[in-house]
Amino acid sequence: PEDVRVYEFAEACGKSPAEVITVLFGLGMMVTKNDFLKQDELEILGEEFGIEVTVKDALEDANYVDDYEVEEVDDSNFVTRPPVVTIMGHVDHGKTSLLDKIRSSKVAKGEAGGITQHISAYTIEQNNQKITFVDTPGHAAFSAMRARGADVTDIVIIVVAADDGVMPQTEEVISHAKASGCPIIVAVNKMDKETANMDMVKAQMAEKEMTPVDWGGDIEFIGVSAHTGQGIDDLLENILLQAEILELQADPDAKAKATVVESLLEKGRGPVATVIVQNGTLRVGDNIVCDTTYGRVKAITNDMGKPVKELGLSETGNVLGLNDVPVAGSFMVAQNSDKEAREIATTRAEHARAKELSKSTKVSLEEMSGLI
Ligand code: GTP
Ligand code: MG
């Protein structure tokens, strides 16, 4: 994939090089017309322009240029997909508590006892409609994922404690959320506290150009309590409303594409990747490639820790079967064959190594010239 230059890609999909450069620039990636596009850049561009970019073959020959094809996205199978919601906010304002409360109040009775530990993502149902929640591993990671084009978030919830109000990290979160372009909902948490002051929070947020709807702005403020559960239904209804406006769609029959939100090496189980499915359906037995790792999906456990055969659109679960631990933020993509998956991963690994090498050569040359 690194053999595709910006202008070649633009030509192949009927865009001007400037359009391609603008999209990448908007995501903080500086490229010029003659630069080679990286895999993640190609994926971002594909998404941005609504086309599917398929890397035809792994690059055996580094000078091979015509190594890609561009297809129109077939939207005839599109169905509405559930929203993916990320919760952000100042430390201790109750993000985790709120996520845990939402989950424990929404899972089917009898299953609630199965929740033993906090997990990074889960899906609930509200009025027969699904919502997937993600606990951000911190907004630095959120931005890093977004920069890679791997952000799965459709809607951002900013949690502000009703007694503390806007704090330094709330301000950071506001700017990250705004930059993401996602609709934002403010959850004013800890409303059960005597010192809770909704108006104070609204006034402070309005100063940051986050004006509440009832003050003539366009941001919904929902009072909630992670302790009592107050306001949670309101919050969920609001999420579904925002999702409806977004008209989120994807193709359940497409080749599976998921984003890794967390990964680890588990004793006895090997590499485990927590993923959210963005397109298609991820199934046990699928040949997958994930950045420089690959494998065949050996098992999937859902957000309740139960084994399942597949994960549908916007659903989340743990995937076993990769040969190594993939980095969070990488895409997991189903391939037609075992061979294909391995070749792509191997080639990417080679490219990554080559790049590292060229970097270190450059550094040593610079160091040397400094010495001379
Ligand atoms: P970090 O992950 O450390 O940034 O914190 P967090 O935002 O996830 O907050 P967490 O859920 O850990 O809650 C922090 C503290 O606030 C805990 O002691 C919670 O019990 C308390 N807390 C959270 N929500 C509420 C609430 O609705 N009401 C009250 N009274 N306390 C709450
Ligand atoms: Mg937390």
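Author: A residue is buried when its relative accessible area is under 20%. Keep that cut-off in mind. The model here is a predicted one.

Reader: How many residues does the chain have, and what percentage is buried?

Author: The chain has 372 residues, and 47% of them are buried. Its accessible surface is about 18,200 Å². Carbon and sulfur atoms account for 49% of that surface.

Reader: How do I read a single strand? Is β7 enclosed or open?

Author: Check each residue against the burial cut-off, which is under 20% relative accessible area. Strand β7 covers residues 155-161, and seven of its seven residues are buried, so the strand is largely enclosed by the rest of the structure.

Reader: Which way do the residues of β7 point?

Author: They point two ways. Ile155, Ile157, Val159 and Ala161 point one way from β7. Val156, Ile158 and Val160 point the other way. Both sets are buried.

Reader: Which strands does β7 pair with?

Author: Two bridges between strands are enough for a pair. Strand β4, residues 84-89, is joined to β7 by five bridges, and the two run parallel. Thr86, for one, has Val156 of β7 as its bridge partner. Strand β8, residues 184-189, is joined to β7 by six bridges, again parallel. There, Ile157 is partnered by Ile185 of β8.

Reader: Now the ligand. Which residues surround ligand 1?

Author: Count a residue if one of its heavy atoms lies within 4 Å. Here 15 residues surround ligand 1. The closest are Lys95, Thr96, Ser97, Asp192 and Ala226. Helix α4, residues 95-106, gives the largest share of the shell, with three residues. By class, the shell has two nonpolar, eight polar and five charged residues.

Reader: Which residues have N or O atoms beside an oxygen atom of ligand 1, and at what distance?

Author: Look for N or O pairs within 3.5 Å. The side chain of Thr96 places an N or O atom 2.8 Å from an oxygen atom of ligand 1. For the side chain of His227, the distance is 3.1 Å. Asp92 uses a backbone N or O atom, 3.1 Å from a ligand oxygen. Ligand 1 taken alone exposes 650 Å², and the protein buries 69% of that.

Reader: What is the phi of Asp92, and where does the residue sit?

Author: Start with the general rule. Most residues other than glycine have a negative phi. Asp92 has a positive phi, near 70°. Asp92 sits in the loop between β4 and α4. Its relative accessibility is 66%, so Asp92 counts as exposed.

Reader: What about Asn127: what is its phi, and where is its place?

Author: The phi of Asn127 is also positive, near 50°. Asn127 lies in the loop between β5 (121-126) and β6 (129-135). At 49% relative accessibility, Asn127 counts as partly exposed.

Technical notes. Residues are numbered from 1 along each chain as its sequence is written. Chains are lettered from A and ligands numbered from 1 in the order in which they are written. This is a predicted model: local features need pLDDT of at least 70, side-chain atom pairs count only at pLDDT 80 or more; totals for chains, interfaces and linings use all residues. Side-chain values use heavy atoms; hydrogens and water are left out. A polar contact is a pair of N or O atoms within 3.5 Å; within protein, one must be able to donate a hydrogen and the other to accept it, and residues adjacent in sequence count only if both atoms are side-chain atoms. Accessible areas come from the Shrake-Rupley method with a 1.4 Å probe; for residues, only the protein chains shown count as cover. Helices (H or I, at least four residues) and strands (E, at least two) are DSSP runs, numbered from the N terminus. Ala, Val, Leu, Ile, Met, Phe, Trp, Tyr, Cys and Pro count as nonpolar, Asp, Glu, Lys and Arg as charged, and the others, Gly among them, as polar. Buried means under 20% relative accessible area, exposed over 50%, partly exposed in between (1.4 Å probe, protein chains only).
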